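Here is a short report on a two-chain model.

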Amino acid sequence: MTIPLPEAPARVIATRPRLLEDRSTHYCPGCGHGVVHRLVAEVLDELGLGPRTIAVAAVGCAVFAYEYLHVDFLEAQHGRAPAVATGIRRVRPDAFVMTYQGDGDLAAIGTAEIVHAAARGERITTIFVNNGTYGMTGGQLAPTSLLGQRTTSTPLGRDARLNGYPLPITEMLALVPGTAYAARGSVGTPALIGKAKAMIRRACEAQTEDRGFGIVEILSNCPVGWGMTPVESIRHLAEVVDTYPLGVFVDRVGEC
Amino acid sequence: MTAAAPERVLMKGNEAIAEAAVQAGCDAYFGYPITPQAELLEWMARRMPEEGRAFVQAESEIGAISMALGAGATGARVMVSTSSPGFSLMAEGMSYMAGSEVPAVVVNVMRGGPGLGSIGPAQADYFQAVKGHGHGDYRVPVLAPSSIAEAMELVADAFELAERFRTPVILLADGILGQAMEPVVPAYRNPDRRDADWALSGADGRPPRVVRSLDLQAEALERHNDRLQAKYREIERVGARWAGEQLDDAEVVIVAYGIAARVARSAVAMARAGGLRAGLFRPVTLWPFPSAALAELASRTRAVLVVELSAGQLIEDVRLAIEGRSPVFGHGRTGGMVPSPSDLVEALRRAWAATEPVEERRGPGR
């Protein structure tokens with residue numbers, strides 16, 4: 001049986017972003033990094049930033065982002081991406097400078113660097129993917145892990161008395177005057193993915209409009225680290241928002 | 001290009017190093033306050049913005065070296081400076097620079113250690129600087145000035161070396177060189193720029209570039225290491241530098257670098273006034289170490305005395321270079337203490353008394 005060709009040419013409603021390499025990723029099945037990579041590629045494409053982007057890859061699962069995003073990349077030490085990005089930005093004022101960091105990288109070992117990049121109002125944009133665990137090293141406790149969350153280093157679940165509380169670092173960064181845009185989105189549903197893309201765009205504009213530091217935290221899933229199927233892990237994101245509410249915490253991009 | 005000011009001026013070491021960097025075309029400086037190098041940071045805080053260049057007082061030495069990694073990866077001419085405890089914090093970043101082949105000049109104005117130590121002059125970071133500093137299998141050229149004028153010259157040389165070989169380069173000074181003032185005739189030099197066809201500038205009309213040190217494929221990472229090692233052999237071949245004083249007829253020779261060599265120079269003069277034919281061998285590069293020249297000298301020297309502001313670090317490289325060609329003695333002070341010339345004359349006399357003339361020596365030294 002042959003399928004008849006449509007009479008009019010098909011209308012393209014979705015395509016691979018130009019800046020996203022056409023190859024399969026090393027990420028685990030169901031991981032949210034692929035979705036976030038796509039959103040970043042779409043926004044950079046739409047804003048025409050690709051040719052002047054210098055991105056900084058952080059240590060963690062997404063250290064290989066340079067394999068998938070078609071822009072210049074520098075690989076930073078664990079946690080230091082905002083300082084590395086600062087160095088780039090200060091000598092390349094025409095560049096668009098972006099860091100792509102996970103929660104272990106940004107909210108544990110890299111707290112000093114992210115806080116002071118924000119405090120300086122550094123004209124850089126940070127994509128902060130929070131999946132509540134150290135995925136690459138085998139699913140250990142992260143500062144962002146939920147209370148009660150079982151990880152390979154909290155086998156009985158995160159106990160506030162022993163392991164402290166989840167760190168709401170994006171809310172903390174929103175308090176800093178140098179932060180022009182801070183928001184938290186999620187890859188939990190198609191609608192939320194659309195909102196997350198709008199947030200990424202705004203965080204990029206904080207830099208292109210010379211307003212200050214921009215950060216988007218994106219709640220993402222780690223099926224392997226969480227011991228869930230991909231579908232279960234996506235559903236679980238609906239509970240993660242009890243600890244990490246979604247929304248825009250500060251937006252000074254429109255201000256003059 | 002030179003912008004020479006012919007008249008002699010009195011300059012403080014830290015400030016002289018900073019101005020030499022400005023005149024050498026340094027595009028970006030990153031630092032963090034620590035004694036005894038703080039004046040270097042302060043000088044740059046004023047001068048770099050004046051020249052329309054980048055200056056950031058970082059949140060830590062970790063931040064400073066990371067900023068240098070970022071700026072250096074774009075092909076900019078970059079300097080950071082610190083003192084010993086901050087130098088430890090920079091070890092991680094320097095390892096990444098070595099691995100991803102990003103040039104930068106790192107100034108360490110050494111102070112007494114270990115730990116918080118003192119703020120006095122020391123050479124206690126010799127091993128740390130010379131033996132690689134951070135994790136992984138790499139080497140870093142180390143330039144060791146012994147005067148403020150020489151420090152200014154070596155700043156330009158350090159940038160040139162860093163960019164030629166795509167490597168961090170250490171300028172190793174100490175609390176006295178940083179804090180003292182000396183008359184100098186500034187002879188600035190701005191080394192020619194190299195075409196940085198590897199540097200990050202945005203993938204505009206060309207394929208993206210990636211500057212990184214990670215490679216999870218063992219075979220590929222070994223190939224990368226082989227290439228780095230070949231580069232280090234080339235630096236060893238062309239890069240070893242040293243200076244000698246009164247060596248032609250010397251029976252006993254002091255080996256010392258940096259500020260220790262200044263004391264040694266006075267000791268050599270005192271010893272000669274007292275009838276002991278002494279000389280000075282001063283490594284200017286600590287890596288690559290001027291081993292061949294020192295070995296040749298040792299074969300015709302009665303005794304070698306290693307003088308250092310550390311408990312016995314330089315002496316290990318001296319022994320490795322000399323390989324038993326002559327007896328080696330050590331005189332080290334620590335904690336910010338500096339030996340007097342008369343201390344060293346006494347040590348030279350003891351070394352002379354404990355040894356026999358070269359002609360009567362037995363064994364491989366003959």
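Two strands count as paired if DSSP finds at least two bridges between them. The model discussed here is predicted.

**Strand β1 of chain A**

Strand β1(A) covers residues 53-57. Strand β3(A), residues 96-102, is joined to β1(A) by 5 bridges, and the two run parallel. Thr53(A) has Phe96(A) as its bridge partner in β3(A). β1(A) also pairs with strand β2(A), residues 72-75, again in the parallel sense, over 4 bridges. There, Val56(A) stands opposite Leu74(A).

| Strand pair | Bridges | Sense | Facing residues |
|---|---|---|---|
| β1(A) and β3(A) | 5 bridges | parallel | Thr53(A) and Phe96(A) |
| β1(A) and β2(A) | 4 bridges | parallel | Val56(A) and Leu74(A) |
| β2(B) and β3(B) | 4 bridges | parallel | Tyr29(B) and Phe55(B) |

How many of the residues of β1(A) are buried? The count is 5 of 5, so the strand is mostly covered, where buried means 20 or more other C-beta atoms within 10 Å. In a regular strand, side chains alternate between the two faces of the sheet. In β1(A), both faces are covered. Thr53(A), Ala55(A) and Ala57(A) are buried on one side. Ile54(A) and Val56(A) are buried on the other.

**The largest nonpolar core**

Nonpolar side chains tend to be buried together in soluble globular proteins. Here the largest nonpolar core holds 194 residues. Which residues touch the most other members? They are Ala57(A), Val155(B), Ile254(B), Ala264(B) and Leu348(B). Helix α7(B), residues 148-165, gives the most to this core, with 10 residues. Domain 1 (9-239) and domain 2 (244-365) of chain B each supply at least three residues to this core.

Ala57(A) belongs to β1(A) and is buried. Leaving aside residues up to four places away in sequence, Ala57(A) touches Ala62(A), Val63(A), Ala65(A), Tyr66(A), Phe73(A), Glu75(A), Ala76(A) and Tyr100(A).

**Helix packing in chain A**

Helices α2(A), residues 81-91, and α4(A), residues 111-119, pack at an angle of about 40°. Their axes are 7 Å apart. The two helices are therefore oblique to each other. From α2(A), the contact uses Pro82(A), Ala83(A) and Thr86(A). From α4(A), it uses Glu113(A), Ile114(A) and Ala117(A).

**The sheet and domains of chain B**

Chain B has an open sheet of 7 strands with mixed pairing. The strand order is β3-β2-β4-β5-β7-β6-β13. Edge strands β3(B), residues 54-57, and β13(B), residues 285-287, each pair on one side only.

The domain assignment of chain B gives domain 1 (9-239) and domain 2 (244-365). Their centres, taken over C-alpha atoms, are separated by 29 Å. The contact takes 27 residues from domain 1 of chain B and 22 residues from domain 2 of chain B. On the domain 1 side, α6, β6, β7, α8 and α9 of chain B each supply at least two residues. α6(B) has the largest share of that side, 4 residues.

**Contact between the chains**

How many residues of chain A are in contact with chain B? Chain A brings 28 residues, in contact with 35 residues of chain B. On the chain A side, β1, β2, α2 and α4 give two or more residues. The largest share of that side, 8 residues, comes from α2(A).

Key
Residues are numbered from 1 along each chain as its sequence is written. Chains are lettered from A and ligands numbered from 1 in the order in which they are written. This is a predicted model: local features need pLDDT of at least 70, side-chain atom pairs count only at pLDDT 80 or more; totals for chains, interfaces and linings use all residues. A residue is buried if 20 or more other C-beta atoms lie within 10 Å of its own, exposed if 12 or fewer, and partly exposed in between; C-beta atoms are placed from the backbone. A nonpolar core is a set of buried Ala, Val, Leu, Ile, Met, Phe, Trp, Tyr and Cys residues joined through C-beta atoms within 7 Å. Domain bounds come from an automatic or database domain assignment. Two residues are in contact if their C-beta atoms, placed from the backbone, lie within 7 Å. Axes are lines fitted to C-alpha atoms, for helices over the stretch in contact, and angles run from 0 to 180 degrees between N-to-C directions. Angles under 35 degrees count as roughly parallel, over 145 as roughly antiparallel, 65 to 115 as roughly perpendicular and the rest as oblique.
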